[in-house]
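Trainee: Could you pick a single spot in this model and take a close look at it with me? After that, I'd like to hear about some other parts of the fold.

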Amino acid sequence: MVPTTTIENRYINREISWLQFNARVLQEASDVTVPLIERLRFLGIFSNNLDEFFKVRYATVKRIVEAGKGGKSELGGIRAKELLEIITKIVIDQQSESLDILETITQDLEKEGIYIIDENQIDPHQHEFLRDYFIKKVSQALVTIILNDSVSIPNLKDSAAYLAVRMVIDDDSRQFALIEIPKNMNRFVVLPKQGNKHFIIMIDDLLRHFLADIFSIFHYKSISAHMIKITRDGELDFDSDLSKSFVEKISESVKHRQIGEPVRFVYDKTIDKETLGYLMSKMGIDDTDSIIPGGRYHNRRDYMNFPSLGRTDLLYDKIEALPIQGLDLESSLFEGIAKKDYLLYTPYHTFSYVVKFLREAALDPKVKTIKITIYRLAEISHIASALINAAINGKMVTVSIELQARFDEEANINYAQQMKDEGVNLIFGVTGLKVHSKMCIIEREEGKKIKRYGFISTGNFNESTAKIYTDHTLFTSNQSILRDINKIFNFFNTNYKIYKYKHVITSPHYTKSSVFKLIDNEIGNARAHDNGFIRLKLNSISSYVMVDKLYEASRAGVKIQMIVRGLCCLVPGIKGMSENIEVISVVDKFLEHSRLYIFGNGGDPKIYISSADWMTRNIDNRVEVSCPIYDEDIKQEIIDHFNISWSDNVKARVLDASQNNKYKVDDKKRVRSQFALYDYYRKKLKE
């Protein structure tokens, strides 16, 4: 059962709320209406999410415990040590459920002629194929560690999976070893098809099959292998050496992450006690670490890349990314944007508009400067290529690149070096703040004047995630908005100076006060005219300050509707506190990522798209931008978008104090919002 501990029933603990979000991901894996291979991939997402949770959030709570602090006020009324125990219990239950789901999916795959076999099911023909595969591709990549009492165990890599091997030698002594599962090759080996049957074996079981070859020099009577995995604290620790550059410090910290303190140890629950005890003793696993008995296989995040085997019938239908109505990719985007604003909504619209905008800027002789913020780039980034192209063509290109984008630090460092080599002016954020805003501004010489064009987004400028993350991007030539955006770039260079902005809302200086003013306006409307309302679409809300302000609005009669994908510390529907607040969460084919703020404003709605969730870090510790929408057509489009999402009664879950993730049920026509939104945009093209 999920604990509902709150501070005076006001807040849900953020860690527990996040685990309930991951439970919604697990629901997708168990949903029989979801295509079969997609269900397997949702299991992979669930596992990957859990890895990151332990690296970051569990590790943070563990640090509080080790510092001798209770942490009660920061942790939703739960003492830190107690919270670690609660988390471990929830995760054990979720892991058990995920194993049951995996077993069901495996059985259903067999009904479709897809067999995931283990080392005991290999026939002679498959053995010959696998022997050749093992010799040519696997054996040379293996890292095998022989363990003994006189030598310390090496630091096991963060989130790598290992086979823990136990051999009983002829003289009845024990020999232990570890085999690292190679991360640089596909976890799934597709075997030759037999008739209409597909066969797949995991690298883990292939290694079990060839244990005799790997340990041929040992004379053993018996041998066994069970999987283990360790997750380490993912926080970056910087040294204080002033002679080192920021890039050097980030690079060294990323390397150090691989040997950070362990926070979770997962093991095959069928492992013998002797091997388990030996390993835990050698690795120094203690009672503040989360010790999770698991199944035969770990690193189930790899299921995100489970082979499709050509079975498109077991996958979601691919959607064709649509053009934006009225904005022609085959013509100058500048000419189109000069006339009016346009809204891009990925993945329903093609991300090519962003790439084309930058490529056009790179080639246009009238373009003089390009400024952009970068948080997470694709592995092969056309965005980076366009910016480098612009610098080569003599444009003054300024890139604010966030080197502390968690788990993407190394990739960003590599791209930063490439851009620097080609003459791009790099800004590595602001001391003490992450630059999480998503914005670009270009300056173009038109006649004797400089005119600005740009875009502001809710998501990263990343071609890969744009196919699966829902995000809004506003293309505009509104000089007032872009003047504000330009001031933010000035702030990067002179961050001792606090600028004033007339249109956009920015963190860290103005988000709380500006949003409070907008909420106060709705409180006034509710009291005077009974028509105050607020509609929010967020990834997460955990700032108690923001939660309390929404409670105040609810008590004043403001009707508040919230769509929150991830963690939600707010408790809706409590009489005298939040009875006017309703919250749903939509988890489906795409990852809901856009942030939208809609304030009723007495019938003339004020609407913003934003890079900021309502978390303390986004409000106080990051550079964020919330951009107003002034175009009436786009305002209506965003209102329509929210209404369609709010109407979801297929994939929406109701968030409340019970935290049981019940699906929203009503007697209205069935609406699956992500599919309905695609239909909405297709119809707009015909208008």
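Mentor: Let's go with Leu685, which lies in helix α18, the stretch from residue 673 to 686. Keep in mind that this is a predicted model. Is Leu685 buried, partly exposed or exposed? With a relative accessible area of 33%, Leu685 is partly exposed, because buried would need a value under 20% and exposed one over 50%. Now look at what sits around this side chain. Leaving out residues up to four places away in sequence, Leu685 touches Leu322, Pro323 and Gln325.

Next, helix α11, which covers residues 382-392. Its buried residues are Ile383, Ala384, Ala386, Leu387, Ile388, Ala390 and Ala391. At the start of α11, Ser381 brings a side-chain oxygen to within 3.3 Å of the backbone nitrogen of Ile383. After α11 comes Gly394, with a positive phi near 90°.

Now for some helix packing. Helix α2 (residues 36-66) packs with helix α3 (residues 80-111) at about 165°, their axes 11 Å apart. The two are therefore roughly antiparallel, since angles over 145 degrees count that way. The crossing of α2 past α3 is left-handed. Helix α1 (residues 14-30) is another partner of α3: their axes come within 11 Å and cross at roughly 5°. So α1 runs roughly parallel to α3. On the α1 side, the contact includes Glu15, Ile16, Leu19 and Gln20, along with Ala23 and Leu26. From α3, the residues taking part include Leu83, Ile86, Ile87, Ile90 and Val91, plus Gln94 and Glu97.

β1 pairs with strand β6 (residues 197-202) in the parallel sense, over 4 bridges. If you want a pair to find on screen, Ile117 has Ile201 in β6 as its bridge partner.

Last stop, strand β4, spanning residues 174-180. How many of its 7 residues are buried? The count is 6, so β4 is mostly covered. Strand β2 (residues 143-147) pairs with β4 in the antiparallel sense over 5 bridges, and Val143 has Glu180 of β4 as its bridge partner. Strand β3 (residues 161-169) also pairs with β4 in the antiparallel sense, over 7 bridges. Within that pairing, check Ala164, which stands opposite Leu178 in β4. β3 and β4 make a hairpin with 4 residues between them. In that turn you'll find Asp172, whose phi is positive at about 70°.

Definitions and conventions: Residues are numbered from 1 along each chain as its sequence is written. This is a predicted model: local features need pLDDT of at least 70, side-chain atom pairs count only at pLDDT 80 or more; totals for chains, interfaces and linings use all residues. Side-chain values use heavy atoms; hydrogens and water are left out. Buried means under 20% relative accessible area, exposed over 50%, partly exposed in between (1.4 Å probe, protein chains only). A polar contact is a pair of N or O atoms within 3.5 Å; within protein, one must be able to donate a hydrogen and the other to accept it, and residues adjacent in sequence count only if both atoms are side-chain atoms. Two strands pair if DSSP finds at least two bridges between them. Axes are lines fitted to C-alpha atoms, for helices over the stretch in contact, and angles run from 0 to 180 degrees between N-to-C directions. Angles under 35 degrees count as roughly parallel, over 145 as roughly antiparallel, 65 to 115 as roughly perpendicular and the rest as oblique. A crossing is left-handed if the near helix is turned anticlockwise from the far one by less than a right angle, and right-handed if clockwise. Contact means heavy atoms within 4.5 Å.
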